[in-house]
Amino acid sequence: MIDSDDCLMHLERTLKEHHNQQYEIYLSQVDSTSIEVKEQQIECFTTAQTKGLALRILKDNCMGFSYTTEFTKESVEQVISRALTSASYAAPDECNGFPSITGPLPELDLFDGVGYALPKEAKIEKLKLIEREARSYDKRITKIRKASYHEQMVKKHLINSCGVNLAHRNTLFSASIVVVAEEKKDSQTGWDFAFSRHYQDLETDSIGSAASSEALALLGAQSSPSLRGPVVLDSGVSYQFLAMLAPSFLAESVHKKKSLLGVHLHQKIFSDIITIIDDGLYPLGMATAPFDGEGVVRQCTLLVEQGVLNQFLYDTYCAHKDSTRSTGNASRGSIMGTPNVGYSNLFIQKGDVHPADMIASVEKGFLVNEVMGMHTANPITGDFSLGVTGFLIKNGKKITPVKGLALAGNIITLFKNVLKVGSDLRFYGKVGSPTLLIDSMEVSGA
């Protein structure tokens with residue numbers, strides 16, 4: 001067994017000295033810790049490390065791939081042999097290739113070694129405090145389903161035969177809680193979370209109370225007659241609609257005719273106040289990195305500007321296919337797969353309207369704060385039919401929690417009918433959105 005960096009260097013030397021082929025070597029190492037607390041007791045504590053090397057070899061326009069999780073000189077020979085064999089069975093494709101250096105790396109503050117090295121006891125106590133705050137918020141908070149903490153430290157190194165030699169490290173810290181509120185045989189759940197690249201910036205002071213407040217607000221929810229009127233989608237719902245739309249921004253989806261946006265490039269398709277951005281350099285983003293999964297420098301890409309579809313997202317392969325340049329959106333799930341085009345930090349640009357003012361502007365309508373069945377939505381046509389819960393709005397105020405309703409429509413129409421964009425942009429993983437006010441929609445009830 002040899003050090004992972006030594007193994008990478010040995011693999012590169014072997015390829016240079018004995019194999020006259022273009023190549024790409026990708027090293028990934030992830031160290032992580034997960035903790036769960038329930039009733040002030042540690043329910044789960046796990047640590048893990050995953051690391052490996054992936055190799056792509058380009059031979060006569062045929063791409064071969066292999067990977068290994070063993071760091072020995074013998075494994076180097078094996079991974080090369082398997083990649084060459086893979087290439088011999090692959091179909092030639094002139095769009096295959098590796099990128100050259102695309103510019104200087106941006107300086108990003110993504111690594112917190114000090115926070116990662118803090119004693120685990122301090123992090124357990126932080127998690128217990130979140131649980132205690134949720135419990136003490138109201139006597140109707142009867143259960144804590146899960147209070148969780150997760151941290152990870154990631155190291156990546158990428159080298160190719162076109163001169164790319166890049167490395168970076170990052171950390172990520174997150175915490176979440178799920179609570180149950182009960183009253184008069186009714187029970188409702190609430191959830192909240194926080195994440196940050198730096199441990200000291202992990203804002204957990206309010207997530208226990210926020211989850212409890214959400215659960216309590218929905219107690220007593222009942223069915224409602226159908227209505228047509230303005231609909232407010234809070235950020236936790238509107239981001240799910242953007243996530244449904246996200247694959248349509250990928251050039252690969254366009255090539256495969258699986259994008260409902262493919263024929264609308266440079267056309268106005270959404271409301272004037274909708275601007276959608278993919279920003280691989282977003283300072284607080286979960287997917288932020290200096291370079292993408294094949295070594296292209298990340299960038300900020302303006303996808304939709306004031307309702308007009310400007311661009312799609314590209315990796316090197318799709319860019320070659322369209323005779324354009326990569327947008328730095330090659331994505332790798334792990335060393336066990338080849339890179340493909342994906343979004344980074346995708347979000348709707350925030351507006352200047354506070355969500356409370358948005359609600360106050362509605363005479364009669366509906367606030368949606370939870371949707372069910374988003375996985376059933378059709379990403380090709382954009383049609384959806386979802387179960388929803390939330391609140392009736394009357395004369396600018398939330399008056400009654402309601403459940404068991406249905407919201408149906410089309411994603412293009414929904415974004416076309418946005419009347420107001422909130423100032424409360426929040427990310428849920430790699431996708432973020434503010435609260436949105438939609439013009440008239442049909443909400444089907446009992």
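The following legends describe close-up views of a predicted model.

The model is predicted, and local features need pLDDT of at least 70, side-chain atom pairs count only at pLDDT 80 or more, and totals for chains, interfaces and linings use all residues. Residues are numbered from 1 along each chain as its sequence is written, and side-chain values use heavy atoms, with hydrogens and water left out.

**View A. Packing of helix α1 against helix α2.**
Helix α1 (residues 4-18) packs with helix α2 (residues 73-89) at an angle of about 50°, and their axes lie 10 Å apart. Helices (H or I, at least four residues) and strands (E, at least two) are DSSP runs, numbered from the N terminus. Axes are lines fitted to C-alpha atoms, for helices over the stretch in contact, and angles run from 0 to 180 degrees between N-to-C directions. The angle makes α1 oblique to α2; angles under 35 degrees count as roughly parallel, over 145 as roughly antiparallel, 65 to 115 as roughly perpendicular and the rest as oblique. The crossing of α1 and α2 is right-handed, a term used if the near helix is turned clockwise from the far one by less than a right angle. On the α1 side, Cys 7, His 10, Leu 11, Thr 14 and Leu 15 make the contact (heavy atoms within 4.5 Å). Helix α2 contributes Lys 73, Val 76, Glu 77, Val 79 and Ile 80. By class, six nonpolar, two polar and two charged residues form the contact of α1 with α2. Here Ala, Val, Leu, Ile, Met, Phe, Trp, Tyr, Cys and Pro count as nonpolar, Asp, Glu, Lys and Arg as charged, and the others, Gly among them, as polar.

The whole structure holds 16 salt bridges, each a side-chain nitrogen of Lys or Arg within 4 Å of a carboxyl oxygen of Asp or Glu. One of them joins the side chains of Lys 155 and Asp 5 (2.8 Å, N to O). Lys 155 belongs to strand β4 (residues 141-160) and Asp 5 to helix α1, 150 residues apart. Lys 155 is partly exposed at 25% relative accessibility, and Asp 5 is partly exposed at 26%. Buried means under 20% relative accessible area, exposed over 50%, and partly exposed in between (1.4 Å probe, protein chains only). Glu 36 and Lys 146 also meet through their side chains in a salt bridge (3.9 Å, N to O). Because Glu 36 lies in strand β1 (residues 22-38) and Lys 146 in strand β4, this pair ties together parts 110 residues apart in sequence.

A salt bridge joins the side chains of Arg 132 and Glu 125 (2.9 Å, N to O). Arg 132 is partly exposed at 35% relative accessibility, and Glu 125 is partly exposed at 38%. Glu 24, Arg 56, Glu 294 and Arg 332 are linked in a network of salt bridges.

**View D. Surroundings of His 198.**
His 198 is found in the loop between β6 (186-196) and α5 (207-217). This residue counts as buried, at 13% relative accessibility. Leaving aside residues up to four places away in sequence, His 198 touches Asp 109, Phe 111, Asp 112 and Phe 173.

Glu 39 is found in the loop between β1 and β2 (41-59), and its phi is near 55°, a positive value in a residue other than glycine. Gln 40 is found in the loop between β1 and β2 and has a positive phi of about 65° although it is not a glycine. Glu 39 is partly exposed at 43% relative accessibility, and Gln 40 is partly exposed at 23%.
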